[in-house]
Amino acid sequence: TLTYAAALKILSDRQYGATQHWDEVSLSPYLVYRASNDDGENRCHIGFFENERSLAYKMDVVAKLNLGGIAIWSLGYEGHSTTLWETISQRF
């Protein structure tokens with residue numbers, strides 16, 4: 001599982017050489033990085049995650065369709081960052 005906090009850590013840690021990208025289909029960010037697996041082999045990993053931009057797009061759809069609310073799996077894994085909560089507060 002790639003949590004928001006883990007994504008931020010991987011992006012900030014030079015050892016992974018991570019690069020962040022944007023997927024236009026899912027409207028989500030993803031990162032590509034290298035890390036050792038349990039077998040010790042250094043492999044390329046791709047991980048999708050949500051950030052304030054992707055969350056805002058999805059909440060705009062909820063508002064546009066006049067849906068009753070949102071469900072998110074799982075807030076609480078964003079570490080000390082308040083960015084996702086702020087995005088939710090601004091939209092609702």
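Biologist: Where does serine 28 lie?
Modeller: Serine 28 is in strand β2. Keep in mind that this is a predicted model.

Biologist: Buried or exposed, that serine 28?
Modeller: Buried. Serine 28 has 6% relative accessibility, and the cut-off for buried is under 20%.

Biologist: What does the side chain of serine 28 make a polar contact with?
Modeller: The side chain of lysine 58. The polar contact is 2.8 Å.

Biologist: And which residues is serine 28 in contact with, leaving aside neighbours within four places in sequence?
Modeller: His21, Trp22 and Asp23 are among them. Then come Phe48, Phe49 and Glu50. Ser54 and Lys58 complete the list. So Lys58 turns up both in the contact list and as the polar partner, with the cut-off for a polar contact at 3.5 Å.

Biologist: Let's zoom out. How many helices and strands does the chain have?
Modeller: There are 3 helices and 3 strands.

Biologist: In what order do the elements run from the N terminus?
Modeller: The order is α-β-β-β-α-α.

Biologist: What are the spans of the C-alpha trace along its principal axes?
Modeller: About 50 × 30 × 20 Å.

Biologist: What percentage of the residues count as buried?
Modeller: 27% of the 92 residues.

Biologist: And what share of the contacts is between residues 24 or more positions apart?
Modeller: 40%, taken over contacts with a separation of 6 or more.

Biologist: Surface next. What is the accessible surface of the chain, and what part belongs to carbon and sulfur?
Modeller: The accessible surface is about 6500 Å². Carbon and sulfur atoms hold 52% of that.

Biologist: How many positive and negative charges are there?
Modeller: The chain has 8 positive and 11 negative charges. Their mean positions are 4 Å apart.

Biologist: Back to the helices. Which residues of α1 are buried?
Modeller: Tyr4, Ala7 and Ile10. Helix α1 covers residues 4-12.

Biologist: Why do they count as being on the same side of α1?
Modeller: Because they cover an arc of only 125 degrees around the axis.

Biologist: What does the side chain of threonine 87 reach?
Modeller: The backbone oxygen of threonine 83, at 3.0 Å.

Biologist: And which contacts does threonine 87 have, leaving aside neighbours within four places?
Modeller: Glu52, Leu55, Ala56 and Met59.

Biologist: What about glutamate 86?
Modeller: Glutamate 86 is also placed in helix α3. At 42% relative accessibility, glutamate 86 counts as partly exposed.

Biologist: Last one. Where is threonine 19?
Modeller: Threonine 19 is in strand β1, residues 19-23. It counts as partly exposed, at 38% relative accessibility.

Biologist: What does threonine 19 touch, not counting residues up to four places away?
Modeller: Leu11, Tyr30, Leu31 and Val32. Separately, the side chain of threonine 19 makes a polar contact of 2.9 Å with the side chain of histidine 21.

Key:
Residues are numbered from 1 along each chain as its sequence is written. This is a predicted model: local features need pLDDT of at least 70, side-chain atom pairs count only at pLDDT 80 or more; totals for chains, interfaces and linings use all residues. Side-chain values use heavy atoms; hydrogens and water are left out. Buried means under 20% relative accessible area, exposed over 50%, partly exposed in between (1.4 Å probe, protein chains only). Helices (H or I, at least four residues) and strands (E, at least two) are DSSP runs, numbered from the N terminus. The arc is that of the directions from the helix axis to the C-beta atoms. A polar contact is a pair of N or O atoms within 3.5 Å; within protein, one must be able to donate a hydrogen and the other to accept it, and residues adjacent in sequence count only if both atoms are side-chain atoms. Contact means heavy atoms within 4.5 Å. Accessible areas come from the Shrake-Rupley method with a 1.4 Å probe; for residues, only the protein chains shown count as cover. Lys and Arg count as positive and Asp and Glu as negative; His and the chain ends are not counted. The place of a charge is taken as NZ of Lys, CZ of Arg, CG of Asp or CD of Glu.
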